[in-house]
Amino acid sequence: MKVVIVGTNHAGIAAANTLLDSGQDVEVVMIERNSNLSYLGCGTALWVGRQIDGYDGLFYTNKEDFEAKGAKIYIETEVKDIDFDAQSLVAETKDGEKIEESYDKLIIATGSQPIAPNLPGKDLEGIHFLKLFQEGQEVDKAFADENNQKVLIIGAGYIGVEIAEAAQRRGKDVTIFDAEATSLASYYDPEFAELMDENLREHGIDTHFGELAEEYLGEDGKVTGLKTNKGTYEADVIINCIGFRPYAVFGEGHLDRFGNGAYLVDRTFKTNDDNVYAIGDCATNYSNVTKEANYIALASNAVRSGVVAATNILGTELEGAGIQGSNGINIYDLKLVSTGFSLKACEKFGLDAKYVDYEDNQLPEFMPENDKVKLRIVYENGTNRILGAQIASTHDVSLLIHMFSLAIQEDITVDQLGLLDIFFLPHFNKPYNYITMAGLSADTSKD
Ligand SMILES: Cc1cc2nc3c(=O)[nH]c(=O)nc-3n(C[C@H](O)[C@H](O)[C@H](O)COP(=O)(O)OP(=O)(O)OC[C@H]3O[C@@H](n4cnc5c(N)ncnc54)[C@H](O)[C@@H]3O)c2cc1C
Ligand SMILES: NC(=O)C1=CN([C@@H]2O[C@H](COP(=O)(O)OP(=O)(O)OC[C@H]3O[C@@H](n4cnc5c(N)ncnc54)[C@H](O)[C@@H]3O)[C@@H](O)[C@H]2O)C=CC1
């Protein structure tokens, strides 16, 4: 069997490794248009902000690793056209050489691209995106120029707040904008997101929420400012981070699509073409909250989808477990983690939701060092099925969110948490801890 993988970043790599490590007789061809693979974008803000020494450790594999396992791998080669009837494709190397490959099974793993605000002045020099390693290098170079002092960031989602911290650590004057009323509005309810907003402001970052960019201003081809619906701001560097959209350009009219254009796949990541799988950021995933296809672009989801698709191609039937969109962020000392839906997301998707909040110290009061933890559990009115959880603290509470992720996956109800066997040790938690207390105090009557 011959499998061709188009796009070999996190999703494509996971699929290739699963195929190549299976011990089965599979011919694997990998085609990647970038000059590198496996770059962990999550590290960009860390090295640009000088919290880690450099970027070398952010690549976890390379072309040679796959050649050593027996794959044929083309780098700096872009797939241009796929003939789904003939089961073949055409790609082009950076030198313009045409390559043709046939396939028995095709895995499309072409990922996502940043959304570009379509504003006047968008081609001015000094306007950046942050997706590729090379784009991180460009931002790093811009920050190294002493003349570039004023950094404006459009979008206060995950990339926005991370690069805001990095820019501030590099001594820049940082202003961040978002169309929503808080930062991180796609992940957290205002009571949690506002903790991040305050955290940014405490570190000298100027926040402008509920404000929409209208025009990039410039002189001599270089950006000098930004005009919004509320004011005009000077800028030496502008970084756009208003989200990703799936990069799903093949099979128009042949492969089914989700609302945002992502390839619509089943729980094995197979498209409506039996020989074609789509994985990672270019495809949908099954949401355990809505019980239908949804789109959430995360490296964690991409890796799992690659494993599932390849396992099915190898002949073992395996459905993905579905996703909750579990995520986390750490800016300065503040840690926010969430899974499933916020109350706001439930409203957007028409889910009838209630919530319980509980705030407490992590440890018993007699312990010398302590941190506050704020927890919200969102659950369905009537069934009490857990739909989401959000946690904020300066304590590392990150592992806790995995339990809530599993709870959503397994349709656990909020009252089941109240009597859950949770251990107690003063070094770690309290006997009446915030999970127990939230579970016990949740109003489970139907409104
Ligand atoms: C700054 C930043 C920080 C992030 N932090 C996190 C994090 O902390 N946690 C997390 O879970 N996620 C994070 N993400 C998101 C994560 O990087 C993506 O979800 C992940 O990269 C998706 O992997 P993928 O392989 O599906 O797609 P991509 O990474 O987009 O890779 C797709 C690949 O396909 C190639 N390709 C596309 N078209 C073609 C073609 N026609 N021919 C050949 N090759 C092609 C591209 O060159 C690319 O290498 C972050 C993203 C960024 C940008
Ligand atoms: N810690 C993590 O897990 C990380 C994950 N990622 C992932 O990478 C992807 C891309 O990240 P981001 O670009 O930060 O997207 P995002 O979806 O996290 O945030 C985009 C932000 O831009 C705002 N926005 C949208 N249109 C706007 C407009 N016209 N003007 C102003 N603001 C606007 C939105 O309100 C939102 O807050 C996401 O899927 C994200 O989850 C990225 C970094 C870290």
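Into which domains is the chain divided? The chain is divided into domain 1 (2-113 + 245-313), domain 2 (116-242) and domain 3 (333-441), with bounds that come from an automatic or database domain assignment. This is a predicted model, in which local features need pLDDT of at least 70, side-chain atom pairs count only at pLDDT 80 or more, and totals for chains, interfaces and linings use all residues. Residues are numbered from 1 along each chain as its sequence is written, while chains are lettered from A and ligands numbered from 1 in the order in which they are written.

**View 1. Domain 1 against domain 2.** The centres of domain 1 and domain 2, taken over C-alpha atoms, are separated by 30 Å. Ten residues of domain 1 are in contact with 14 residues of domain 2; contact requires C-beta atoms, placed from the backbone, to lie within 7 Å. On the side of domain 1 that touches domain 2, the largest share, three residues, comes from helix H2 (residues 44-48). That side has three nonpolar, six polar and one charged residues. Ala, Val, Leu, Ile, Met, Phe, Trp, Tyr, Cys and Pro count as nonpolar, Asp, Glu, Lys and Arg as charged, and the others, Gly among them, as polar. Helices (H or I, at least four residues) and strands (E, at least two) are DSSP runs, numbered from the N terminus.

View 2. A residue is near a molecule or strand if its C-beta atom, placed from the backbone, lies within 6 Å of it.

**View 3. Helix H1 and what covers it.** H1 is mostly covered, with ten of its eleven residues buried. Buried means that 20 or more other C-beta atoms lie within 10 Å of the residue's own, against 12 or fewer for exposed and values in between for partly exposed, with C-beta atoms placed from the backbone. Among the buried residues of H1 are His10, Ile13, Asn17 and Leu20. Their cover includes strand E1 (2-6), strand E2 (27-31), helix H3 (63-68), strand E7 (105-108) and H7. E2 is itself mostly covered: four of its five residues are buried. E1 and E2 run parallel and are joined by five bridges; strands pair if DSSP finds at least two bridges between them. Lys2 stands opposite Glu27 in E2.

**View 4. The sheet that contains E4.** Three strands form an open sheet in the order E4-E5-E6, with antiparallel pairing. E4 and strand E6 (98-102) stand at the edges with a single partner strand each, so one side of each is left without a neighbour in the sheet. Neighbouring strands are turned by 25° against each other on average, direction ignored. Axes are lines fitted to C-alpha atoms, for helices over the stretch in contact, and angles run from 0 to 180 degrees between N-to-C directions. Six bridges link E4 and strand E5 (residues 88-93) in the antiparallel sense, and Asp81 stands opposite Val90 in E5.

**View 5. The surroundings of ligand 2.** Around ligand 2 there are 27 residues, of which Gly155, Gly157, Tyr158, Ile159 and Ala297 are the closest. Helix H5 (158-169), strand E11 (173-178) and strand E21 (327-331) each supply at least two residues of this shell, and H5 gives the most, with four residues. The shell around ligand 2 has 17 nonpolar, seven polar and three charged residues. Domain 1 and domain 2 both contribute residues to this shell, so ligand 2 lies between them.

**View 6. Strands E23, E24 and E25.** Nine bridges pair strand E23 (residues 353-361) with strand E24 (residues 372-380) in the antiparallel sense. Ala353 has Glu380 in E24 as its bridge partner. E24 also pairs with strand E25 (residues 386-393), in the antiparallel sense and over seven bridges. In E25, Ser393 is the bridge partner of Val373. The hairpin of E24 and E25 has five residues between the strands, and Gly382 in this hairpin takes a positive phi near 105°.

Note on methods: Contact = placed C-beta atoms within 7 Å.
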